[in-house]
Amino acid sequence: MFNEHGAASGNNAPRGQAHFELPPLALYIHIPWCVKKCPYCDFNSHAAGPVLPEQDYVDALLADLDADLPQVHGRPLGSIFFGGGTPSLFSARALGRLLEGVEQRVAFAADIEITLEANPGTFEQAKFRDYRSLGINRLSIGVQSFQAAKLVALGRIHDGDEAIRAADMARAAGFDNFNLDLMHGLPEQSLEDALDDLRTAIAQAPTHLSWYQLTLEPNTVFWNQPPSLPEDDILWDIQEAGQALLAAHGYAQYEVSAYAQPGKAARHNLNYWTFGDFLGIGAGAHAKLSSPDGRISRSWKTRLPKDYLDPGKRFGAGERVLGADELPFEFLMNVLRLTDGVASELFTRRSGLPLSLLADARAQAVKRGLLHADPARLAATREGQLFLNDLLQYFLP
Ligand SMILES: C[S@@+](CC[C@H](N)C(=O)[O-])C[C@H]1O[C@@H](n2cnc3c(N)ncnc32)[C@H](O)[C@@H]1O
Ligand code: SF4
């Protein structure tokens, strides 16, 4: 383990500054409401009542951001991501006021990427056009599947045609950059079903595809009443054949579940996976921030929307400064998700710690065939990608 070197302190003191650099900054904005709760979903999302408290929530988000501002003074935003929940339930008017308020508080990089998650069944053409005119320049459309039986099993509110129309609408509204979220390993799904979903998605020509394997998460309906999921050998075949199909159509895998056309990787997500900084505003939002003296902290906001909106309660729910002994694991659990990993020197730039701290753990993981041997890169082998948790064990504090 890395701490056999004895260099990891475990305290929260600022580390050596020699090569530490403040990383790029992103902003995550959480919108916690959905039309209804899906049975597989463990995100902080809640069935909306008859009236969405849009204006109160926008006020709260801006006050939440105000409280965070001293921590990011003078740093521009490279990306903003509206995630949920279902951000497309919000009107363009409310999102416009919000974006304007954000820009008054934090500078936007000239080429900022602004993504909004949109669910089929919660918007129409005019709404997409209005979103585009606000400067939102990327959509992430939650399709999950195009097959009627699968959408029913997943408790989705839309059918396959609506999902296809959503992609058409995105393009017609001027979104030349959009992602489709798909899941596989669905209840009773065959290899052909999964490939059929992928072929339909590819036919919509999205610039990006997120292709997640369905997992059963605690505190969900599926956890308590598990549906019949495909056997492991079918899951394996789906994974192999799906990756080949995506590659054949020009979608390069760059992360565990992310595939993109050339130059279309999601900047916001890449910032997470390269251990960049991000502010998080909204109910339950998480943040990771570095200070100029090299301290790195994680923090999270009040989770329940009603508490978040309660003026008597504070937005912040917790914060933890990461100890030097935790940083190797924190860094690697992000960067090793990337298919090509990262340049080794990024470890020192992001953490302020010497690369030599990883030497023992690295050597052991290389010997096991889980990590590439090239000293200039930190990258999982194919085996390491398949057994990422085993690989990360080497870097535990
Ligand atoms: C923030 S979530 C939801 C976005 C959007 N509200 C929707 O439902 O389309 C982002 C994505 O995570 C994926 N996801 C959610 N729950 C999952 C689970 N249990 N297993 C695998 N993927 C999941 C879905 O593909 C979903 O689109
Ligand atoms: S999957 Fe999406 S629509 Fe369904 S409950 Fe979760 S966040 Fe909401």
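## A salt bridge across the chain

Let's start with a pair of side chains: Glu-255 and Arg-337 form a salt bridge whose closest N and O atoms are 2.6 Å apart. Glu-255 belongs to strand E9 (residues 252-255), while Arg-337 sits in the loop between helix H11 (327-335) and strand E15 (342-343), so the bridge ties together parts that are 82 residues apart in sequence. With a relative accessibility of 2%, Glu-255 counts as buried, whereas Arg-337 is partly exposed at 28%. Please keep in mind that this is a predicted model.

## Other charged pairs

Side chains of opposite charge can pair when their charged atoms come close. The count here comes to 18 salt bridges. One of them joins Asp-59 and Arg-97, with an N to O distance of 3.0 Å. This pair also links distant parts of the chain, 38 residues apart: Asp-59 is in helix H1 (residues 54-68) and Arg-97 in helix H2 (residues 92-105). Asp-59 is partly exposed, at 42% relative accessible area, and Arg-97 is partly exposed too, at 31%.

Arg-199 and Glu-192 make another salt bridge, with their closest N and O atoms 3.1 Å apart. Arg-199 has a relative accessibility of 40% and counts as partly exposed; Glu-192, at 46%, is likewise partly exposed.

## Around ligand 1

Now to the ligands. Ligand 1 has 17 residues around it, and those that come nearest are Gly-85, Gln-144, Arg-156, Asp-181 and Thr-215. By class, this shell divides into 5 nonpolar, 8 polar and 4 charged residues.

Some polar atoms are worth a look. A polar backbone atom of Gly-85 is 2.8 Å from a nitrogen atom of ligand 1, and a polar side-chain atom of Asn-119 lies 3.1 Å from a nitrogen atom of the ligand. The side chain of Gln-144 places an N or O atom 2.7 Å from an oxygen atom of ligand 1. On its own, ligand 1 has 560 Å² of accessible area, and the protein covers 90% of that. Strand E6 (138-144), strand E7 (178-184) and strand E8 (208-213) are the elements that give two or more residues to the shell.

## Around ligand 2

The residues surrounding ligand 2 include Cys-34, Cys-38, Cys-41, Lys-36, Lys-37 and Tyr-40. Gly-85, Asn-119 and Arg-156 are also among them. The shell holds 4 nonpolar, 4 polar and 3 charged residues.

## A nonpolar patch

Trp-236, Leu-386 and Phe-387 make a nonpolar surface patch of about 290 Å². Phe-387 lies in the loop between helix H14 (382-386) and helix H15 (388-393), and is partly exposed at 40% relative accessible area.

Conventions:
Residues numbered from 1 in each chain as written. Chains lettered and ligands numbered in written order. Predicted model: local features only at pLDDT ≥ 70, side-chain atom pairs only at ≥ 80, totals over all residues. Heavy atoms only, no water. Patch = residues over 30% accessible without salt bridge, like charges linked within 9 Å, V, L, I, M, F, W, Y side chains within 5 Å. Areas by Shrake-Rupley, 256 points an atom, 1.4 Å probe, with all protein chains shown as cover. Salt bridge = Lys/Arg side-chain N within 4 Å of Asp/Glu carboxyl O. Helix = DSSP H or I, 4+ residues; strand = E, 2+ residues; numbered from the N terminus. Buried < 20%, exposed > 50% of the residue type's maximum accessible area, 1.4 Å probe, protein only. Near = heavy atom within 4 Å. Nonpolar A, V, L, I, M, F, W, Y, C, P; charged D, E, K, R; others polar. Polar contact = N/O pair within 3.5 Å; in protein donor to acceptor, adjacent residues only side chain to side chain.
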